[in-house]
Amino acid sequence: MSTPIWETQLYMGKWQPADGPQAPVTEPATGEVLAKVQTATAADVDRATRIANDAQRHWAELPFDQKAEILRRAAALLKERAEEINRWNTRECGSIGPKAEWELQATYEQAQMAAALPMQPSGQIFPSSLPRRRNYWKRVPIGTVGVIAPWNFPILLAMRSVFPALAMGNCVILKPAPDSAVCGGTLMAEILEAAGVPEGVFHVLPGGADVGESLVQHPEIKMISFTGSSAVGERIGETCGRMLKKCALELGGNNAMVILDDADLEAAASSAAWGAFLHQGQICMQAGRHLVHRSVAERYLEKLAERAGRLVAGDPWQQQVHLGPLINESQARRVEEIVVRSVEMGAQVVAGGQRNGNFFDATVLAGVTPQMPAFAEEIFGPVAPITLFDSDEEAIDLVNASPYGLAAAIHSASTERAQRLAERLRVGMVHINDQTVNNEFQVPFGGMGRSGTSGRFGGPANLEEFTTTQWVSVMEQGIQYPF
Ligand code: NAD
């Protein structure tokens, strides 16, 4: 098999040789080095930015139907190369097959929806107090947009920004996470090149925090779209604020499932297992806190522990499993540490609780109190901590006790009661009689508080997010002012 071009070159508007170091691509399930990837330097960020800025006007001026055609071709190519993309998602990121397939389908939908954006109305006409003057207001591209992505859903979370940003006439420089540089980066460069994105318009710069910081600090990159941890997002927000740079921050979560005393416990436990253990719990919307009414807690715990006990963890490339590996050893150790510290403070392990290398059992913890790390911290692992409450008021206080505010779920036989409760939760998304991991691409997605800047991705929100506006007034002829 020939060596992939991305082992030695960077996609900076087209494939180009680069001087930075190569980084190994390691399979988290086995520790095997699968390939190497060319990484970028601060000088490459500068070079890519200049190339992108030169290309941006021509891209923006390309008729809308031609931009749409390129995005539709990218969507088709994602499907044509599905086997290869899913294989990388499984081996590079530890995704089980159905997760990889779902992620690819979701990315396909994003491309199709972005293809429809350039033909949306792009402005409004306003009256004027002056005679013979017309006022109009229109959406214009921002310029060059830097997209910084995480490793957990590396394709979707990169491309949900890349596609609409391109659709609205921006150039884009994507920095994938080091743990997912191939499926979340270099493969997407190949796809967009083959789809016919003109030279100079799209760039992929693999690398770590240093490359991300160079993007954020570059004065000619006019927007940063960041998805990742709250700690890094806060830092990026500070820099962007100082530079008056637009920034969209989609950050961490510590999402609550609220089980009221009238809930259907079978459905609630099924939702809870999916929300807590899907993709080894490495999802920003993971059901990371289970708040359960005391009167139903014992039955809920039993049902959830029984489901957790049936789940098999293993190498998703070699066998059919429910849980693959965590992304790397430091994440696996972090999850273990949160469980151990919580148990030392009095929590009880009801299912799982063991780490085996990068693998971690589906775990249920009972007796969790707000002081314990399993309640207070984003776990990002397959752990379901259970905390009891006695009234709806107490449940609301517990949900809102977290500084994060991404998603919540409420289980109740009364949708009216659940909706009343939902109104009082400080979270960006609430799902009634479902679990917290939900994403429908036509519905604006996003969090509050430490989960982000309340910006939104998806559907009509993309028009707002990836454009700025310009007011143009037109006088039929000049007038005389008093001096
Ligand atoms: P992370 O913040 O460590 O890294 C995210 C990206 O930022 C990576 O590409 C990384 O290389 C880059 N980066 C790191 N330091 C940087 C810096 N100083 N400047 C610029 N870029 C920098 O997050 P992660 O571990 O890759 O992802 C997990 C986190 O992402 C979790 O907290 C999760 O909740 C969050 N997340 C949020 C959403 C959402 O939509 N709200 C979705 C997925 C993941």
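How far does a polar side-chain atom of Glu378 lie from an oxygen atom of the ligand? The separation is 2.5 Å. The model is predicted, with local features requiring pLDDT of at least 70, side-chain atom pairs counted only at pLDDT 80 or more, and totals for chains, interfaces and linings using all residues. Residues are numbered from 1 along each chain as its sequence is written, and side-chain values use heavy atoms, without hydrogens and water.

Ala149 contributes a polar backbone atom at 2.7 Å from a ligand oxygen. On its own, the ligand has 850 Å² of accessible area (Shrake-Rupley method, 1.4 Å probe), and the protein covers 90% of this area.

The shell around the ligand comprises 31 residues, each with a heavy atom within 4 Å. Ala149, Arg160, Ser229, Leu251 and Glu378 are the closest. By class, 17 are nonpolar, 8 polar and 6 charged; Gly counts as polar, and Asp, Glu, Lys and Arg as charged. At least two shell residues come from each of α5 (154–167), α7 (209–217), β10 (223–227) and α8 (230–243). These elements are DSSP runs (helices H or I, at least four residues; strands E, at least two).

Domain 1 (5–251 + 452–471) and domain 2 (255–432) both supply shell residues, so the ligand lies between them. The domain bounds come from an automatic or database assignment.

Note on methods. Polar contact = N/O pair within 3.5 Å; in protein donor to acceptor, adjacent residues only side chain to side chain.
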